[in-house]
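Please keep the sequence and the coordinates at hand while reading.

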Amino acid sequence: MFLFLQPPLTRSHRTVRRGIVRRYEVDMVIVPATTGQMGVLPGHVATIAEFKPGVLSVHEGSETTKYFVSSGFVFIHANSFADIITVKAVPLDRINANLVQKRLVDFTQKLS
Amino acid sequence: MAMAALRREGRRFAPMISPRPITALRSSPLAPSLEDECPIGVRYISTQVVRNRMKSVKNIQKITKAMKMVAASKLRAIQTKAENSRGLWQPFTALLGDLPSANVKKNVVVTISSDKGLCGGINSTSVKISKGFHKLNSGPEKETKYVILGEKAKAQLVRDSKKDIELIITELQKNPLNYTQVSVLADEILKNVEYDALRIVFNKFHSVVSFVPTVSTVLSPEIVEREAESGGKLGDLDSYEVEGGETKGEILQNLAEFQFSCVMFNAVLENACSEQGARMSAMDSSSRNAGDMLDRLTLTYNRTRQASITTELIEIISGASALEG
């Protein structure tokens, strides 16, 4: 996932799987960094952060789109551009909760 | 005696004259009729050899045409994937830069090539560039090692650089290329090979007819630090705060590994596209050559056939006139 954030934040999402490049201007992004949820706004200090699997939410005005992302990195540049690169990003509405629970049980069994 | 004269004539020129004028019209082929293949005493004009050649050339043309179609369809399938994966390494390059000129002690050249042949010269160009890099970077204190992906580069590099090869990986495309596979590969390479800089040599796919050999450089975190301190392109790296519980070094390490796997993924896809494109154009020129050859052979065939008919006629007529006279 590769996001550009520009004042107001612009983002481009890129995933390894689909290479969706979406550049859009957003107000805020909440990133599941390893240190916890990190909110990124325009004018954020330049940062490189690694993130753990979690929920990424994109706030555009009053709309919020949420994605589940596997691990990756976010680079926040000084000019309010942010690049988010992950291996996988799935919009939350495409995730079936029951299926996930079932798979979780299966895999935990396989691991132990 | 007319026959004897003709026979003598026949011996002087290449096509031999058949001694059985009655079967003339059937033009039975028995012995080779090409210039250098006529054994003494055999006198037939035979179109068999030419016909055999025409048949085989026609088959070759069909096969190469089919291969071109197959390559075209495979190209379509992976081209979208390759173009999508281009976005992956761009943010890394924007942040860390791609410094082919970085002067390091331990270079590792990752050469990406195909497993199958008949794809034109792309593998040779990759190997040439890898060897060039090796030469450029060899000297006191500097060393270059190879990691080879694909049979074709292996065949070429094993011959003279066997001691410099660290890892050989083949049969990459047995399953359709995906990121998991490439990340496992990248992991293997990073684990087993010590490096200061990784140079990935592959053919970048610009269009169906143009594939440009490219080198992508991934630097190890220590070298990144060194370059950042010395200023230049990476000078801004220090201005980035590194978020995270771990030290900056660890985060940079993870970053370098992630960068390597992303760049590898893109490189492998681009090389696969270039391979299919090169195969398409190689097979296309091959079928065109086969077509030309077929035309030339058809002309020879017709000439030979007409010559044999003419000589048969001559024999008949001279035989008939000899009978009368």
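In this predicted model, the lining of the second largest pocket receives its greatest contribution from α5(B), which supplies five residues. The pocket itself holds about 270 Å³ of space. Its lining comprises 14 residues, and those closest to the centre are Tyr179(B), Asn254(B), Glu257(B), Phe258(B) and Ser261(B).

Both chains take part in this lining: β8 (72-76) of chain A, and α5 (179-192) and α7 of chain B, each provide at least two residues. In terms of residue class, the lining of the second largest pocket consists of six nonpolar, five polar and three charged residues.

Attention may now turn to the largest pocket. About 550 Å³ of space lies within the largest pocket. It is lined by 27 residues, of which Lys74(B), Lys116(B), Gln173(B), Glu275(B) and Gln276(B) are the closest to its centre. Two elements of chain B, α2 (48-96) and α7 (248-324), are those that give two or more residues to this lining.

Which element provides the largest share of the lining of the largest pocket? That share, seven residues, belongs to α2(B). When the lining of the largest pocket is sorted by class, twelve residues are nonpolar, eight are polar and seven are charged.

One element links the two descriptions: α7 of chain B gives two or more residues to the lining of the largest pocket and supplies at least two residues to that of the second largest pocket.

Conventions:
Residues are numbered from 1 along each chain as its sequence is written. Chains are lettered from A and ligands numbered from 1 in the order in which they are written. This is a predicted model: local features need pLDDT of at least 70, side-chain atom pairs count only at pLDDT 80 or more; totals for chains, interfaces and linings use all residues. Side-chain values use heavy atoms; hydrogens and water are left out. On a 1 Å grid over the protein atoms alone, a cavity is a set of points where a 1.4 Å probe fits but cannot get out, and a pocket is an open set with protein on both sides within 12 Å along at least five of seven lines; lining residues have an atom within 4 Å of a point. Grid points are joined across faces, edges and corners, and a volume is the space filled by probe spheres set on the points. Helices (H or I, at least four residues) and strands (E, at least two) are DSSP runs, numbered from the N terminus. Ala, Val, Leu, Ile, Met, Phe, Trp, Tyr, Cys and Pro count as nonpolar, Asp, Glu, Lys and Arg as charged, and the others, Gly among them, as polar.
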